[in-house]
Amino acid sequence: MKIKRIVLPFVILGVGVGSFLGLSSMRKPPEEKPQEDVVPIVAVKDVTLGSLSLDVSSYGVMQPKYETQLIAQVSGQIVKLSDTFVRGGFVEKGELLAQIDPSDYEAALVDAEATLASAQAALELEKAQGKVAEREWQRIKDTSPTELSLRKPQLAQEMARVKAAEAAVKRARRNLQRTKIVAPYDALVADRNVGLGAVVGMGNPMGTVMSIANGEIRLPVANNQLRFLKNQGVGSSVTLTSDQAASGQSWQGKVVRSEGVIDNQSRMSYLVVEVTDPYALQQQKSPLKFGTYLNASIDGIKVEDAALVPRHLVLDQQVAIMNGDDALEYRQVNILRQQGKSVVVDQGLNNGDRIITSALDYPLAGMKLAILSDDVDSPLDAESDENETQVALGDN
């Protein structure tokens, strides 16, 4: 019995080991799977640095440099109107626009001239009488002649009458001249307030004309944009475009002055742009009509070795790039300014740098990357401003 108790456990253990070995020999080994490449694939854009002009955009409405309301300076009936004195008509400097009946003013001029002639004759007579009185007093040697004896007061009085008559002639001649309403400069007629045969009084408005030699546009510019303009913008060239004009149509202007104050409501500074011959009467180009809404691009300073980077690719002044070792690197950049959907970067990037433009699930600085070859050939330079690809920079 003791022998059985000792041997039985060994027998049972042997049977179990044998069964395990038999079953193990019947099991098939697991299939080996090929090792997967887990290197993230990204799209990149090559950086090309170049010269970039930091133009400043603005907007405004075309207005005449001079606008004048014609006012009647004498009273009378309108007896003549020019065919060009109509709304939208072009008139030349000195051109007769309207004529007030001059009959009464011609008669007043004749009367004033006659009064002047009479005063001049009386003055000559008084001068002669004064000389006669002086010769008579020269014969008397015992006493001195007085001013009255020599008729000097009478002479002064006649001289004053002549001056008054001359002033009356000038006034009558000026009133006669004012019966003619003439254009003060080459102009476009904005409106006309009188008709043929109408009677106007002194101070009645006749119409309004606008100078066509020069036009002006007030451009609002934010104060933080003035630093990108030379001399605060004064003297800079401006390119003007309009959505209402044909595609590709533009006009050139020049900033002639700054208004020198900041608007209380908009907090903007205003630059005044002048356009020569806006209605193209002296040159072959499309007219720029008064009242046109315009988009303006003011020539700004130029920076060297700069690039436009899509705004969404920059996070906390950093850009994700694929370095020479095909690894993820976060590059610190200096943003000079925002320009549309992009930012201007002038420091931190070099020619040939590959900016990552695709999303990364778990970005980590130094991780290996692979390039999506289809997007390698599209460079990112100072001329590219449209890139809608989104990127997740993550935390580095």
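Which charged end sits over the ring of Phe 228? That's Arg 337, 4.9 Å from the ring centre. For a charge to sit over a ring, NZ of Lys or CZ of Arg has to be within 6 Å of the ring centre and within 35 degrees of the ring normal.

Quick caveats. This is a predicted model, where local features need pLDDT of at least 70, side-chain atom pairs count only at pLDDT 80 or more, and totals for chains, interfaces and linings use all residues. Residues are numbered from 1 along each chain as its sequence is written, and side-chain values use heavy atoms, with hydrogens and water left out.

There's also Arg 218, over the face of Tyr 270 at 4.1 Å from the ring centre.

Now, rings with rings. Searching the whole structure gives four aromatic pairs. Phe, Tyr and Trp rings (the six-membered one for Trp) pair if their centres lie within 6.5 Å; planes under 30 degrees apart are stacked, over 60 edge-to-face, and the rest tilted. Tyr 59 and Tyr 293 are stacked, 6.2 Å centre to centre with 20 degrees between the planes. Tyr 59 is in strand 4 and Tyr 293 in strand 18, so this pair ties together parts 234 residues apart in sequence. Strands here are DSSP runs of E, at least two residues, numbered from the N terminus.

Next, Tyr 66 and Tyr 185: centres 6.4 Å apart, planes at 40 degrees, so tilted. Tyr 66 is partly exposed at 46% relative accessibility, while Tyr 185 is buried at 15%. Buried means under 20% relative accessible area, exposed over 50%, partly exposed in between (1.4 Å probe, protein chains only).

Last one: ring pairs link Phe 90, Tyr 279 and Phe 290 into a cluster.

Note on methods:
Helix = DSSP H or I, 4+ residues; strand = E, 2+ residues; numbered from the N terminus.
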